[in-house]
Amino acid sequence: MALAIVVVEDEDDLREEICEFLRLSGMEATGVPCGDALFAHLASHPCDAVVLDINLPGEDGFRLAPRLRQRPGLGVVMGTSR
């Protein structure tokens, strides 16, 4: 069974490139543009890990990470293009 990863990145092209790389590596990857979309997705789709951009519109990655860490077994990888 492939790992299910959600990529949270507001730049469309970068989000799609990361998802494509993860898919080519054998993972199930879904991309979302912001925290609201992430939590809407997680409400109906379990996942193993989240790749989280730090610089997001609305709630940034630093604010989202503690909320994600409350979910047992969910990995969080934070990154930035800065």
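Which residues in α2 meet which residues in α3? The structure is a predicted model, in which local features need pLDDT of at least 70, side-chain atom pairs count only at pLDDT 80 or more, and totals for chains, interfaces and linings use all residues. Residues are numbered from 1 along each chain as its sequence is written, and side-chain values use heavy atoms, with hydrogens and water left out.

**View 1. Contact of helices α2 and α3.** Gly-35, Leu-38, Phe-39 and Leu-42 in α2 meet Leu-64, Arg-67 and Leu-68 in α3 (contact means heavy atoms within 4.5 Å). By class, this contact has five nonpolar, one polar and one charged residues (Ala, Val, Leu, Ile, Met, Phe, Trp, Tyr, Cys and Pro count as nonpolar, Asp, Glu, Lys and Arg as charged, and the others, Gly among them, as polar).

View 2. Gly-35, Leu-38, Phe-39, His-41 and Leu-42 of α2 are buried (under 20% relative accessible area, with exposed over 50% and partly exposed in between, for a 1.4 Å probe and protein chains only). Because they cover an arc of only 160° around the axis, they lie on the same side of α2 (the arc is that of the directions from the helix axis to the C-beta atoms). The face turned away from this buried side carries the exposed residues Asp-36, Ala-40, Ala-43 and Ser-44.

**View 3. Surroundings of His-41.** His-41 is placed in helix α2 and counts as buried because its relative accessibility is 15%. Leaving aside residues up to four places away in sequence, His-41 touches Val-6, Thr-30 and Val-32.

Note on methods
Helices (H or I, at least four residues) and strands (E, at least two) are DSSP runs, numbered from the N terminus.
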